[in-house]
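Here is a short report for a reader new to this structure. Please look over the sequence and the model before reading on.

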Amino acid sequence: MSAVLDERTDPGKAASAALAALVHLALAILLVYGIRWQTRAPEAVEVELVRAVPAPAAVAPPAPEPAPPPKLEPKPEPKPEPKPAPPAKPDIALKEKEKPKPKPEPRAEPKPEPDKASRQLMTDALKRETAQIEARKAEQELANIKAAQSASARSKATADYIGKIRGKIKGNIVLPPDIKGNPEAIFDVVQLPSGEILSVKLKKSSGHAAYDSAVERAILKSSPLPKPEQGDLFSRALELKFRPLEE
């Protein structure tokens, strides 16, 4: 009766006894498996022997090549300094410059009218100048007329002088009988101031040798040639033309 009462009154003892039984059971299992693991024979280990290959003989490193002579690098030319970039134009449009205001033109002051005496002096001076101009024009026209008359007279006198020479020479020409047509022969004649002939040269043949020879003989036969009436008309070199049918 008392034992039954004790069990009822102390339930923790039963739990302690059950826990102790479990601990002993687990300890027994560990001891059994530990002994079996130690008594098990170790497994064999296979080892494969490999013959070592002899190492290759050491090769001597090649002798280093001689270093090339140092190259002389050209001195770098100085680079031109870059031109400064033009300043960027502002995006804002510049206002047009204000146009300068036109300057007021000075007013021309009215000139005072000349008096009567001054007007008369100006009129007289203008008349004198006009008269001088007209006089110079008249003098120039007169000089031109005189020059033309003198040239005409000289030309006429020269023609008369050459005509006298040609007339004398033609009087001495003996025409050949077989001449035909009216061919022209030109001669260069050199004379002295006295009229004596120095040389005769055929410049252009008439195409008829007998006529050319007849004229040349007549020129030489006419020496001395006639003199000019005016000494300034004398010419040392003469060009004389002859035709057989000339008068």
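In this predicted model, Ser222 has a relative accessibility of 0% and therefore counts as buried. The cut-off for buried is under 20%. Ser222 sits in the loop between helix 4 (209–221) and strand 3 (237–242).

What does Ser222 touch, leaving aside residues up to four places away in sequence? The list is Lys168, Ile169 and Asn172. With Asn172 there is also a polar contact, side chain to side chain, at 2.8 Å.

Three strands form it, in the order 2-1-3. The sheet is open, and its pairing is antiparallel. Strand 2 (197–204) and strand 3 stand at the edges. Each has a single partner strand, so one side of each lacks a neighbour in the sheet. From one strand to the next, the twist averages 25 degrees.

Strand 1 (residues 185–191) and strand 3 run antiparallel and are joined by six bridges. Across this pair, Asp188 of strand 1 stands opposite Glu239 in strand 3.

Two helices meet the strands. Helix 3 (residues 116–170) packs on the sheet. Helix 4 lies across strand 1, strand 2 and strand 3. The table gives their contacts and angles.

Key:
Residues numbered from 1 in each chain as written. Predicted model: local features only at pLDDT ≥ 70, side-chain atom pairs only at ≥ 80, totals over all residues. Heavy atoms only, no water. Helix = DSSP H or I, 4+ residues; strand = E, 2+ residues; numbered from the N terminus. Buried < 20%, exposed > 50% of the residue type's maximum accessible area, 1.4 Å probe, protein only. Polar contact = N/O pair within 3.5 Å; in protein donor to acceptor, adjacent residues only side chain to side chain. Contact = heavy atoms within 4.5 Å. Pairing = 2+ DSSP bridges. Axes fitted to C-alpha atoms, helices over the stretch in contact; angles between N-to-C directions.
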